[in-house]
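Let's take a walk through this model, one region at a time. Have the structure open and follow along.

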Amino acid sequence: MGQIPKSVSFHLPDGKEVTIETGKLATLAHGSAMVKVEDTMMLATVVASAEAKPDQSFFPLSVDYQEKFAAAGKIPGNFFRRESKLSDYEVLISRLVDRAVRPLFPEKFLNETQVIITLLSGDKKNMPDCYAALAASAAIVVSDIPWDGPISEVRVCKINGKYVVNPNRDQLATADLDLIVAATLKDVMMVEGEANECQEHEIIEAIKIAHDAIKVQCNAQLALAQLVGDKALVKREAPVVEKDEELSALIDSIAKNAVLEVAKGALDKTTRKKKLKEIEDKIKLSVIEQKGEEYQVVNAAKISEYYDKLKKSVIRQMVLDTNIRLDGRKLDEIRPIWSEVNYLPAAHGSALFTRGETQSLTSLTLGTKMDQMMIDNALDNYYEKFILHYNFPGLSVGEVKPNRGPGRREVGHANLAGRSLKKVMPVLPYTIRIVSDILESNGSSSMATVCAGSMALMDAGIQIKGAVSGIAMGMIAENGRSAILSDILGDEDALGDMDFKVTGTSNGITGCQMDIKVDGMPYETLEKALLQAKAGRLHILGEMSKTIAQSNDDFKPHAPRMVEIIIDKSFIGAVIGPGGKIIQEMQARTNTIINIEEVGDKGVVTIASTDATGLQAAREAIAKITFTPSVGDVYEAEVESIMAYGAFVKFFGQSGLLHVSELDHKRIEDVNTVLKVGDKITIKIIGTDPKTGKLRLSRKALLDKE
């Protein structure tokens with residue numbers, strides 16, 4: 001006999017019921033929970049090893065979110081017809097959950113832990129990403145794994161001036177603000193989203209509304225844990241390691257003042273890293289002298305751990321005491337910026353953006369609809385025409401690292417930059433691919449991507465709404481004191497209590513991503529950080545404008561030109577021709593790429609080419625095929641043949657009879673006395689034959705009557 005399932009329910013602010021159930025599925029996992037929202041069902045499981053591996057120095061946590069195609073009544077479209085590696089969309093949701101749950105595990109709990117979240121049933125109304133963290137948290141809460149939860153995540157959007165928690169999928173299209181917020185009962189932990197140039201106070205208000213909704217969800221999980229009983233309430237004991245006070249004091253005596261001297265030196269990244277390594281080597285030698293080489297080898301990991309904590313503590317205290325940072329900057333000071341556009345002459349647009357020791361070389365390529373990226377997820381199938389890729393090779397930090405394709409970090413950074421830039425894009429027929437290659441990195445490389453991407457768009461001649469810049473903010477908070485840091489270094493990211501990225505134009509915010517590592521940060525501090533970020537963002541925009549202030553008037557000479565022609569749906573077959581013969585011949589003759597798609601009752605023809613003459617030739621050829629003359633139109637015509645009753649003429653791909661009675665105001669006895677084959681004449685369409693529907697043409701309608 002299996003366990004008796006336990007469940008709790010709560011309601012979202014709009015009245016929609018959400019149920020969390022455990023004890024029915026995956027009972028051999030250490031924790032499992034099913035979240036149900038209408039027809040959406042999501043199972044989360046968690047398993048942790050009984051003990052950590054010997055000499056384990058980090059927490060091996062993996063969080064994977066996957067959507068089963070059967071959840072939407074679909075069969076995967078890949079060659080194997082089965083779910084394979086996670087899509088970028090699934091990776092992004094995995095990251096949202098990982099960033100929220102990871103900080104709450106005990107510091108010394110290093111057992112390998114795996115969280116798996118699976119969408120088993122999905123409807124067309126509910127977005128599953130805003131329930132994934134709820135499911136994961138509930139699974140951990142009902143397990144015996146030590147964890148300082150619960151947490152949950154919700155989506156909060158501003159739609160028609162009102163804030164809505166976990167809106168339906170169709171409501172997102174009209175949202176001016178779209179945030180995912182994660183929090184515990186006490187503290188906000190993570191924020192990520194996009195906006196249509198919103199203001200700072202709108203972000204604050206959205207976070208407050210999200211936190212109120214999350215508190216309800218956290219209390220529901222605690223109630224579920226009570227129903228489960230000891231299995232959920234009695235946790236494993238996390239390892240407690242006694243601090244070696246003697247070793248710690250020895251390291252402090254050797255390194256504290258030396259670290260402080262390096263921290264105050266305003267050194268560049270490479271020099272600072274070298275000097276801190278020299279201090280570590282000195283510590284090891286001193287330990288060997290005083291304790292022996294065997295002691296140093298046995299306690300090598302402990303020595304490194306204590307030294308890292310000392311560095312962090314000394315640098316944090318220095319910043320709080322002096323308001324001066326590792327590289328000598330003030331708290332709100334931005335590193336020196338230089339930039340260049342049109343750096344890559346063969347690209348359709350390019351920019352080089354360098355801020356301090358962080359550098360992005362970004363290229364832009366214009367493509368046709370044939371270059372669109374197909375997105376084939378369980379609940380979504382569409383084509384994306386705006387693509388941004390972010391590459392972070394080892395060389396950017398002076399390390400040897402094999403290139404194995406983008407990891408989760410690269411996917412996440414690309415997503416934030418892409419969402420931020422997409423908010424200022426005009427409607428274009430082009431497929432646009434932006435690629436940011438990070439060539440130097442000392443913090444804020446994703447924000448350098450936003451700046452370089454914005455400048456590359458302007459260099460390419462894309463008429464964006466406004467330039468977009470990005471800035472990464474940090475914070476150090478301790479004993480009631482806090483320091484908010486603008487444009488953080490990589491080292492400041494590691495030792496700080498907040499990583500807050502904000503992107504936007506001069507009019508407002510277009511994207512944000514925040515991870516908070518400190519308990520109980522007041523909203524006043526968050527608001528101060530947002531306003532300081534705004535000042536930094538505007539400063540960076542000013543530096544960018546010195547290189548390029550507005551979009552170029554036209555595309556590069558070698559960039560493809562593209563035109564769209566709207567035709568009647570009935571002409572689509574005529575343009576394509578039997579077996580594609582006509583359109584293929586037209587593309588070969590005019591050196592163009594022609595794409596046709598049916599949109600409603602119209603046909604949309606897109607013509608692309610780097611050859612202006614060929615583009616015009618293709619446009620004229622399609623115009624002739626789809627030509628529909630109207631009464632009153634005037635055309636130049638050529639006489640094809642002459643009959644006793646008139647002349648047959650051709651004009652703009654059409655042909656028709658010009659009756660003898662319409663040649664002149666006076667009577668014409670013989671057409672040959674007036675016209676001959678090959679003559680060019682001007683005609684006017686004066687009507688259609690009511691019986692045959694053929695056009696009635698006239699020459700005399702354009703002649704003065706004597």
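Start at strand 7 (residues 152-159) and strand 8 (residues 162-165), which run antiparallel and are joined by four bridges. Strands here are DSSP runs of E, at least two residues, and helices are runs of H or I, at least four residues, numbered from the N terminus; two strands pair if DSSP finds at least two bridges between them. Across from Val156 you'll find Val165 in strand 8. The hairpin has two residues between the strands, and Asn160 takes a positive phi near 55 degrees there.

A word on ground rules: this is a predicted model, where local features need pLDDT of at least 70 and side-chain atom pairs count only at pLDDT 80 or more, while totals for chains, interfaces and linings use all residues. Residues are numbered from 1 along each chain as its sequence is written, and side-chain values use heavy atoms, with hydrogens and water left out.

Now hop over to helix 14 (residues 581-590), where Ile583, Met586 and Thr590 are buried. Buried means under 20% relative accessible area, exposed over 50%, and partly exposed in between (1.4 Å probe, protein chains only). Looking down the axis of helix 14, the buried residues fall within an arc of 60 degrees, so they line one face of the helix; that arc is taken from the directions from the helix axis to the C-beta atoms. The face turned away from the buried side carries the exposed Lys581, Gln584 and Ala588. Just after helix 14, Asn591 has a positive phi of about 55 degrees.
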